[in-house]
Every structure is written in C-alpha cells, then in structure tokens.
Amino acid sequence: MRKSWFVVGVAAVALAGGIWVLRHRPLPVTVLSPETDVTLRIYGLGTVEARVLSAVGFELGGAVQSLSTDAGDRVMAGQELARLHPEEQQARVAQADAGVEAARAALAKAEAALPRAQAVLSQREAANTRQQELARTDRTSKQSAEETQRDLDVARADLAVAETELMVLRAQAAEADANLQSARTLLDKHVLAAPYDALIIARKAEAGTVVKAGDTIFSLIDPQTIWIQAYIDEERAGQLALGQVGAIRLRSRPQHEFHGEIVRIGLESDRVNEERKVWLACADCPAEMYLGEQAETLVTTGHRDRALMVPEVDITGFDGASGTVWIAQDGALAQATLEFGARDDLGRAEVTDGLPEGAEVVSPVPKGAVEGRKVRVEVDE
C-alpha cells in the first residue's frame with residue numbers, strides 16, 4: 001500500500017515538474033531585421049477614364065436629318081457629326097436676306113435725296129440774301145423779302161428731315177444685316193461639328209429622331225487625355241505627391257505592367273469610403289483603352305536604403321503614427337511603444353523611433369506571449 005502511494009507521489013512530482021518546464025522553457029520566436037533597398041508603394045484600385053469627356057448635341061431642337069459618324073470613329077476638329085433638317089431655317093435666312101436688300105434700297109434713296117435738299121437750301125439762302133438787300137434799299141417790297149425768308153426756313157427744315165431719315169434708314173439697314181447674320185448663325189447650328197480631335201464613344205440618336213436643344217447626340221473623348229482614376233486609402237494618402245510614378249495593371253491585360261505618374265490629386269475625399277482620388281497619366285498604355293475598365297495601381301511614394309518594416313498586424317493600438325509591439329530584449333519578451341513613418345502596400349510600417357538599444361521586434365507575435373517570458377530567437381534559413 002505504501003509503495004503505491006510512493007509511486008503516485010513520484011508521478012505527480014514528475015508531472016508538475018514537466019508542466020513547470022513547459023511553461024518556463026525559452027519560447028522560440030522570430031525577429032525582424034532591417035531590410036535594404038526598400039521601395040515604399042501604395043495600392044489603389046481605379047478605372048480607366050478620360051480627362052476630356054464631352055456629351056455633344058445641337059444648340060436648338062429639330063429633326064435629325066443625318067449622322068456622319070458612329071461609335072469608335074476618330075474625328076477631326078470641325079468635322080461634321082450630324083445635321084438637322086434645315087428647310088425652315090433656310091427660309092428664314094432668305095427672308096432676312098430680302099429684308100437687307102429692302103433696307104439698303106431705302107437707304108440709297110435717302111442718301112440720294114440729301115444732296116437735293118442741300119442744293120435747295122443753298123438756292124434759298126442766296127435768294128433770301130438778295131431779297132433782303134433789295135428790301136433794305138426799298139427796291140423790293142417787304143412782303144417779298146418775308147416770303148424768301150419763309151422759303152429759306154422751309155428748306156432748312158426739309159434738310160433736317162432728310163438727314164434724320166437717313167440716320168433712321170442706316171440704323172434699319174444695320175438691323176437687317178444683324179437679322180441676316182443671326183439667321184445664318186442659326187442655320188449653321190443645324191450642323192453638329194466635332195469640337196476637337198476626338199474618339200466617338202457612344203451614338204445616342206438616329207436619323208429621324210426629334211431632339212431638343214442640348215440633347216446628347218454623341219459622347220466623345222480626347223484620346224490624348226485618357227488616364228487612370230484610382231482610389232487611395234486616406235490613411236496612406238498623406239504620402240502622395242504629384243509626379244510620383246506608379247505601376248498600372250489593366251484587368252483585361254493582367255500579364256502586362258504599364259507605367260504612369262500622378263498628374264492630379266483630388267482635393268475632396270470620398271466621405272463614405274474614406275478614400276482619396278488620384279489620376280495617373282499613362283506613359284506606355286496600349287492605344288486602345290476602354291473607359292470604365294478596372295485598373296490596379298501601385299504608386300511609389302519613396303525609397304529607403306535601409307529600413308525596419310513591421311507588419312501592421314503585429315502592432316497593437318496602431319494609430320498611423322505609433323503603436324505597441326512585442327520585442328525580444330535581454331533574452332525575454334517585453335512590450336515597447338514605437339514611432340512609425342511610411343507604410344507600404346504590404347501592410348507594413350517603417351519604424352522611425354522608440355526601439356530600445358539591443359532589442360528586436362518579434363514577428364509574428366507568439367501565442368501566449370507575456371512580458372518576462374524567456375525567448376529563444378530562431379533564425380530563418
């Protein structure tokens with residue numbers, strides 16, 4: 001009986017010893033080492049867009065007579081795209097043209113009448129001068145002198161009327177010219193022309209369609225302005241700057257990597273997705289690009305000759321600038337609050353300050369990590 005209790009006691013002591021050893025043996029961990037030649041990049045998902053995108057249509061309503069182009073066509077600036085039925089406006093132009101002719105004829109008549117009125121006035125002035133001199137020497141009657149003075153006043157009034165009429169007719173002629181120009185301008189607006197060298201994206205009307213002023217007939221873009229519009233997480237957007245280069249992968253060509261640079265950074269973030277928009281001009285993208293196609297971008301924001309990069313999953317309480325990590329120091333686990341700088345597309349942050357002398361950052365964090373626990377640093381092969 002005593003022998004049995006002795007055996008049980010020895011087993012219990014051995015078990016307790018084994019548990020103590022397991023709990024206090026050095027915990028194997030791996031630590032991070034500074035890396036060399038580190039490229040800092042930010043990931044963004046976006047689409048192919050065009051900076052110059054226009055929805056063009058007629059400035060007035062009417063029935064579409066013909067369309068000269070279709071989706072996919074490239075057109076030159078000023079090239080005809082479509083035309084409205086012009087007959088009604090052509091009649092207005094003819095009417096305005098007739099008005100110009102009538103105004104010019106009336107003006108010519110008035111201009112011819114003016115010299116006559118001036119000549120009559122000169123003749124009446126001379127006659128009046130002569131009669132007044134004769135009356136002063138009593139060689140003619142006073143009544144005769146009064147009649148020549150009256151004829152002179154009438155001639156002056158007639159000349160004033162002729163001059164005023166001439167001014168009115170000149171104004172009417174100018175108005176007729178303006179009406180004709182307006183009618184011709186409206187006639188020109190029956191032809192829809194390309195505003196710049198463009199690629200037709202969509203055709204939204206057909207011959208015979210009655211359209212209103214401003215209705216879209218074609219959607220077109222300037223193919224020289226195609227770019228990538230990408231969305232970047234606000235937390236990382238502070239590293240962005242104009243001119244930074246980026247790698248671009250189109251969804252339809254995942255095996256190819258294209259290159260571009262940031263040419264615009266949005267001044268307004270998406271309030272729901274908390275993302276900032278950036279636009280990359282592509283330097284070597286294919287000639288045929290499709291608006292709306294999904295594109296992935298990796299923007300290079302910096303380079304470090306040497307940097308200690310810590311996975312963000314190993315940082316507790318990370319606020320983008322600081323956080324707590326597990327470190328191996330003097331052969332035991334401890335926690336330290338570090339300062340961080342740039343972040344990359346691999347979900348890592350650069351340690352900038354706070355790492356104690358001789359300490360190393362533990363990654364990944366081992367299960368059951370407690371401060372003071374002895375550790376054994378294992379070296380990756």
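Q: What makes C285 count as buried?
A: Its relative accessibility comes out at 19%. Buried means under 20% relative accessible area, exposed means over 50%, and partly exposed is what falls in between (1.4 Å probe, protein chains only). So C285 counts as buried. A word on the ground rules: this is a predicted model, in which local features need pLDDT of at least 70, side-chain atom pairs count only at pLDDT 80 or more, and totals for chains, interfaces and linings use all residues. Residues are numbered from 1 along each chain as its sequence is written, and side-chain values use heavy atoms, leaving out hydrogens and water.

Q: And why is C282 called partly exposed?
A: Because its relative accessible area is 22%.

Q: How do you know that C282 and C285 form a disulfide?
A: Their sulfur atoms sit 1.8 Å apart, and the rule asks for a pair of cysteine sulfur atoms within 2.5 Å. By that rule the count is 1 disulfide.

Q: What makes the disulfide of C282 and C285 right-handed?
A: The torsion about its S-S bond is about 90°, so right-handed it is.

Q: Why is the pair W227 and W279 called tilted?
A: Start with the count: the structure holds 2 aromatic pairs. In this one the ring centres are 5.7 Å apart and the planes meet at 35°. Rings of Phe, Tyr and Trp (its six-membered ring) pair if their centres lie within 6.5 Å; planes under 30 degrees apart are stacked, over 60 edge-to-face, and the rest tilted. So tilted is the label here. W227 is in strand β11 (residues 226–233) and W279 in strand β14 (residues 275–282), so the pair ties together parts 52 residues apart in sequence. Both W227 and W279 are buried.

Q: What makes the pair F318 and F340 edge-to-face?
A: The planes of the rings stand at 80°, with centres 5.4 Å apart, so the pair is edge-to-face. F318 is in the loop between β16 (309–311) and β17 (322–329), while F340 belongs to strand β18 (residues 332–343), so the pair ties together parts 22 residues apart in sequence. F340 is buried, at a relative accessible area of 7%.

Q: Which residue lies over the face of W279?
A: That's R264, at 5.4 Å from the ring centre. The test wants NZ of Lys or CZ of Arg within 6 Å of the ring centre and within 35 degrees of the ring normal.

Q: Why is S322 called buried?
A: Its relative accessibility is 18%, so S322 counts as buried. S322 lies in strand β17 and touches G317, L338, E339 and F340, not counting residues up to four places away in sequence. A contact here means heavy atoms within 4.5 Å.

Q: How do you know that H190 is buried?
A: Its relative accessible area is 9%. H190 is placed in the loop between α3 (142–188) and β7 (191–193). Leaving aside neighbours within four places in sequence, its contacts include F58, L60, R83 and Q89.

Technical notes:
Helices (H or I, at least four residues) and strands (E, at least two) are DSSP runs, numbered from the N terminus.
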